[in-house]
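Here is a short tour of a model for you to follow on screen. Please keep the sequence and the 3D view side by side as you read.

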Amino acid sequence: KSTPVGKTFKYIQENPGTYYIGFDPLLEKYAHHLSVGIRNEVQKDYSTLVLPGVNGRKWGMMFPMAVADNSNKMAEFHVSWIDGCSSLNKQRTAKELAEGGWKDSEVGRLVSRGCGTSDKFGLQLRRVPTVTLEEVLGVWLANREVEFMHIDAQGAEMQILRSAPTKLKNVRRFLLELPAPNCATLTKDAPTCDEMLAEIRGMGFETEDAVREDGKSTVGLTRGFNCSSVPWGQWLSKCEHDIQFVRSDL
C-alpha cells in the first residue's frame with residue numbers, strides 16, 4: 001500500500017478493507033465513538049461497528065482501555081475536561097509550561113494555563129485498565145503485520161512503544177507527536193525530540209515525513225530527517241508536530 005497520509009480515520013477511508021483496533025480510556029470519548037458507530041440501531045457486537053469519520057460500514061473494534069507498559073492491571077489516568085490534556089502521565093505545572101514556550105501560541109496558551117494539572121479544568125484522577133502493545137500485537141493480533149499505527153498519548157508515546165520490545169517489528173508505519181526542541185516537554189519524565197528520535201531509530205524505525213495540521217497532507221521532508229528539519233511553527237501549538245515513522249527495512 002502507499003504511504004498513509006494524515007490521521008487514522010483518513011487512512012481508513014483511503015484504504016478499503018482495513019481492520020481498525022482503537023483504545024480510549026476516556027469513557028466519554030469511548031461512548032462517543034460507539035454512539036457515532038451505532039447511529040440509529042443497537043449493535044450487539046463490534047463486528048458491524050461504523051467508525052467515526054468513515055463512510056460506510058467497516059470492520060473494527062474499540063476498547064475502553066489504555067495501552068501502557070503493563071497488562072491486566074490498573075493505572076492512574078489524569079483526566080481533564082480537555083481531552084488533549086489528559087494522560088497517564090501528570091503534566092508540568094502551568095508556570096513551567098508557560099515559561100517553556102507553550103504560551104506563545106493560541107493552542108499552547110490553553111495548555112500553559114494548566115489544563116492538565118489545574119482543578120479549573122475539572123481535573124480528575126481515574127483508575128483505568130491497561131494492556132501492553134506487545135500483547136496487542138503478539139497475542140490479540142496473532143503477530144499479523146500492522147500497516148499503520150497512530151499514537152496520541154500526550155507525553156506517554158515512548159512508554160507505549162517500549163511496551164512492545166519484541167513485537168514492534170510487526171508495525172510498518174506509525175504516527176506520533178514529537179515535542180519541539182525549544183519547548184518544555186508536557187511531562188517532566190518525557191524525553192526530548194532528539195532523545196525520542198535516537199530511541200526510535202534504535203527500535204528499527206526512521207522518520208518518513210511530517211504531517212500538516214489539517215491531517216490531509218505531508219510536508220515533504222527527506223526520509224531520515226532530524227528534529228531541526230521539522231517546521232514547528234506551522235502547527236497551532238508550535239510545541240509539537242505529528243511525525244510519521246517507517247520501518248527501516250521498507
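The report below goes from the model as a whole to a sheet, a set of rings and a cavity.

## Model and confidence

This is a predicted model, in which local features need pLDDT of at least 70 and side-chain atom pairs count only at pLDDT 80 or more, while totals for chains, interfaces and linings use all residues. Residues are numbered from 1 along each chain as its sequence is written, and side-chain values use heavy atoms, with hydrogens and water left out.

The pLDDT, which is the predictor's confidence in each residue from 0 to 100, has a mean of 80 over the protein chain, and 80% of the residues reach 70 or more. Two stretches deserve a careful eye. Residues 1-6 stay under 50 and have 22 contacts beyond four places in sequence, where a contact means heavy atoms within 4.5 Å. Residues 38-57 are also below 50, and the model gives this stretch 34 contacts beyond near neighbours in sequence.

## Overall make-up

The protein chain has 7 helices and 9 strands; these are DSSP runs numbered from the N terminus, with helices being H or I of at least four residues and strands E of at least two. Of the 250 residues, 52% are buried. Here buried means under 20% relative accessible area, exposed means over 50%, and partly exposed lies in between, using a 1.4 Å probe and protein chains only. Among contacts with a separation of 6 or more, 70% are between residues 24 or more positions apart.

## A mixed sheet

An open sheet of 3 strands has the order β3-β5-β4, with mixed pairing. Its edge strands, β3 (66-67) and β4 (74-79), each pair on one side only. Two strands count as paired if DSSP finds at least two bridges between them.

Strands β4 and β5 (residues 124-131) run antiparallel and are joined by 6 bridges. Across this pairing, Glu76 stands opposite Arg127 in β5.

## Rings around Trp140

The structure holds 5 aromatic pairs. Rings of Phe, Tyr and Trp (its six-membered ring) pair if their centres lie within 6.5 Å; planes under 30 degrees apart count as stacked, over 60 as edge-to-face and the rest as tilted. Phe23 and Trp140 form a tilted pair because their planes meet at 35°, with ring centres 5.7 Å apart. This pair links distant parts of the chain, as Phe23 in strand β1 (residues 20-23) and Trp140 in helix α5 (residues 133-140) are 117 residues apart.

Which ring pairs with Trp140 at a centre distance of 5.0 Å? That ring belongs to Phe63, and the planes are at 55°, so this pair is tilted. Phe63 lies in strand β2 (residues 60-63) and Trp140 in helix α5, so parts 77 residues apart in sequence are tied together. Phe63 is buried at 17% relative accessible area, whereas Phe23 is partly exposed at 24% and Trp140 is partly exposed at 31%.

## The largest cavity

There are 2 cavities of 30 Å³ or more. On a 1 Å grid over the protein atoms alone, a cavity is a set of points where a 1.4 Å probe fits but cannot get out, and lining residues have an atom within 4 Å of a point. Grid points are joined across faces, edges and corners, and a volume is the space filled by probe spheres set on the points.

The largest cavity holds about 160 Å³ of space. It is lined by 16 residues, of which Gly155, Glu157, Glu177, Pro179 and Leu186 are the closest to its centre. The elements α6 (157-162) and β7 (173-179) give two or more residues to the lining, and β7 gives the most, with 3 residues.

Note on methods: On a 1 Å grid over the protein atoms alone, a cavity is a set of points where a 1.4 Å probe fits but cannot get out, and a pocket is an open set with protein on both sides within 12 Å along at least five of seven lines; lining residues have an atom within 4 Å of a point.
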